[in-house]
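Dear colleague,

I am handing over the structure below, together with some notes on what turned up in it. Please read them alongside the coordinates.

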Amino acid sequence: MLPIRIAPSILSADFGRLAEEVAAIETADYVHVDVMDGHFVPNLTIGPVVIEAVRRATKLPLDVHLMIEDADRWVATYAKAGADIIGVHAEAAHHLHRTVGQIRDLGKLPCVVLNPSTPLQHIEWVLRDIHSVLIMSVNPGFGGQSFIPSALEKIALLRRMIDERGYTVEIEVDGGIKVDNVDLVVQAGANVIVSGSGVFGTKDYAATIAELRRRGEAARAR
């Protein structure tokens, strides 16, 4: 059974003191970085230069979520900038299997991301080739949104699909997850918890990370 992993999203961090903010989440498992291009999603965030800065600020794996069009053109750039896990949207990849292979050839871990309305069938034939699936529990583009409850059924269906095939694939969930609902996400079958404002909107990041982990592990043990 894969361990519970906590991945604070720096989308909700104070970018004026980004290195300090990243240092304050060193008890997490991944640093989640949202890259938005203003085309695939209606927002602009950061590029490779910021990834390089985050890479210098932490030894944690960088979980880089590319919410961009033409991801194939940029995968190598973000790999070089310091990404360890590279997530691409199934909706934005014309040849998803090729993109997954490209990420692996670069020595990185491929993740495929699904928007709330995208069915699991989009990843069925690449599932054996990827490190993780990221289920969006909000519509991508902005932080601070509320969790979409139907994501729980989708997580459970994906968990069953992975287990029936005997694969070792992490299920990551991003959007509206906080201390008070993390147990539902883990019970549905997820093991990687992305939380932006749920961590960076609290006074003590380390305490919040510890509580997310504790509640997740307790939910799994039930």
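Arg17 forms a salt bridge with Glu20, with 3.2 Å between the closest N and O atoms, and salt bridges that share partners join Arg17, Glu20 and Glu21 into one network. Arg17 counts as partly exposed, because its relative accessibility is 34%. Please bear in mind that this is a predicted model, in which ten salt bridges are found.

Another of these pairs is Arg222 with Asp183, whose closest N and O atoms lie 3.7 Å apart; this pair links distant parts of the chain, since Arg222 sits in the segment after α8 (205–221) and Asp183 in helix α6, 39 residues apart. Arg222 is exposed, with a relative accessible area of 65%, whereas Asp183 is buried, at 18%, the cut-off for buried being under 20%.

In helix α8, the side chains of Arg215 and Glu211 meet in a salt bridge of 2.8 Å, N to O, and because the two residues are four apart in that helix, about one helical turn separates them. Arg215, at 32% relative accessibility, counts as partly exposed, and so does Glu211, at 22%.

As for open space, the largest pocket holds about 230 Å³ and is lined by 15 residues, of which Met1, Leu2, Arg159, Asp163 and Arg220 lie nearest its centre. The elements giving two or more residues to this lining are α5 (151–165) and α6 (182–188), and by class the lining comprises eight nonpolar, four polar and three charged residues.

With best regards

Note on methods
Residues are numbered from 1 along each chain as its sequence is written. This is a predicted model: local features need pLDDT of at least 70, side-chain atom pairs count only at pLDDT 80 or more; totals for chains, interfaces and linings use all residues. Side-chain values use heavy atoms; hydrogens and water are left out. On a 1 Å grid over the protein atoms alone, a cavity is a set of points where a 1.4 Å probe fits but cannot get out, and a pocket is an open set with protein on both sides within 12 Å along at least five of seven lines; lining residues have an atom within 4 Å of a point. Grid points are joined across faces, edges and corners, and a volume is the space filled by probe spheres set on the points. Ala, Val, Leu, Ile, Met, Phe, Trp, Tyr, Cys and Pro count as nonpolar, Asp, Glu, Lys and Arg as charged, and the others, Gly among them, as polar. A salt bridge is a side-chain nitrogen of Lys or Arg within 4 Å of a carboxyl oxygen of Asp or Glu. Buried means under 20% relative accessible area, exposed over 50%, partly exposed in between (1.4 Å probe, protein chains only).
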